[in-house]
Amino acid sequence: MKHKIGAVFFLSLFLFQNASAATAPDVHYSELVQKAYKQFKDDKRGDVADYIPALAKYSPDNYAIAIATVDGKIYTAGDKNKLFPLESLTKVFTLALAMNQQGPEKTLDKLGANATGLPFNSGLAVELRNERPQNPLVNAGAISSVSLIDAKNADDRWQQVMSNMEAFADNKLSVNDEVYRSELETNQHNQALAYLMLSYGRMYSNPAEAVDIYTRQCSVEASTIDLAKMGAVLANGGKSPYTGNQLVAEENVPKVLAEMAVAGLYDGSGKWLYNVGIPAKSGVGGGMFAVVPGKYAIAVYSPPLDKEGNSIRAQEAIEYIANETQANLFR
């Protein structure tokens, strides 16, 4: 019986590791990007986020797609250079930084890897399972991730977070001050989450400092090309296709992607994985990226969101391209 279980395990592992090899043999990414852009360009459904006032100023007509392959090629359509706040997309890259420093087991113990079954900013989720924030892609876990970064002081912590994102993007990035100030004025709920976690011993630096750095992190703006390149590092086993630098320990990449699969699309994460089958992360600024290990990353920017807080056109475009390239990891 043990031999049968072992055989099934290794067969499953082999199939998972080679799932990306199922990509269609002659993929014309440039043509696919253009088709996806045109097919969903006129979909006007959804609402631009307005609970952060500065986000409400972004046009619902903004729309761009970018694919970045593991060999460094980039294919685009639409407003590819238009900047937007990364918001929750940044959680992935700070998680990767924390995991590089702490190791995957300590990161799992302190941040968790389970869906909460509740909204991304839920305080009840912390109360119900107070041994850890459950995952680093909900707000509580993301603030905890920031606090977990080894740093001498707040400035050092921020510089590490920012320089890490710039290394992923292979570009200089900047904070959108208007968005940052707007978020500071409306982040009382995140402050409450930080102090709630502090009461359970799940904050690893000053909570006010961690919330401020988290807020600044979310206010970093980038283009769709930047975001696709950031995702391509994860698609390429943690090594930048542009500089050759190993930005994430190779053994940590599957862990980061697993966290994206668990909670990357808020309450829509399970449905996304069920239908599309690739790890992805969204942000309320309208950005979204997905990773096909060993092949490519795709990023889409379109501000109108569904009720879960995920860009509608981004989901449509990524699902279309994933289907066309047979990218589903469970195939």
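The model is a predicted one. I start with strand β1, residues 64-69. Is this strand buried or exposed? Six of its six residues are buried, so β1 is largely enclosed by the rest of the structure. You can check both faces: A64, A66 and A68 lie on one side, I65, I67 and T69 on the other, and all are buried.

Now the partners. β1 runs antiparallel to β2, residues 74-78, and five bridges join the two. Among the bridge pairs, A66 goes with T76, and A68 goes with I74. β1 and β2 form a hairpin, with four residues between them. In that turn, G72 has a positive phi of about 90 degrees.

β1 also pairs with strand β8, residues 296-301. These two are antiparallel as well, joined by six bridges. One of the residues involved is A64, whose bridge partner in β8 is Y301.

Next, the helices. Two packed helices are described by the angle between their axes and the distance between the axes. For α6, residues 139-148, and α9, residues 188-199, the axes come within 9 Å and cross at roughly 70 degrees. That makes α6 roughly perpendicular to α9. The crossing is right-handed.

Which residues make the contact? From α6 they are N139, A140, I143 and S144. From α9 they are N190, L193, A194 and M197. Sorted by class, the contact has five nonpolar residues, three polar ones and no charged ones.

Notes: Residues are numbered from 1 along each chain as its sequence is written. This is a predicted model: local features need pLDDT of at least 70, side-chain atom pairs count only at pLDDT 80 or more; totals for chains, interfaces and linings use all residues. Side-chain values use heavy atoms; hydrogens and water are left out. Two strands pair if DSSP finds at least two bridges between them. Axes are lines fitted to C-alpha atoms, for helices over the stretch in contact, and angles run from 0 to 180 degrees between N-to-C directions. Angles under 35 degrees count as roughly parallel, over 145 as roughly antiparallel, 65 to 115 as roughly perpendicular and the rest as oblique. A crossing is left-handed if the near helix is turned anticlockwise from the far one by less than a right angle, and right-handed if clockwise. Contact means heavy atoms within 4.5 Å. Ala, Val, Leu, Ile, Met, Phe, Trp, Tyr, Cys and Pro count as nonpolar, Asp, Glu, Lys and Arg as charged, and the others, Gly among them, as polar. Buried means under 20% relative accessible area, exposed over 50%, partly exposed in between (1.4 Å probe, protein chains only).
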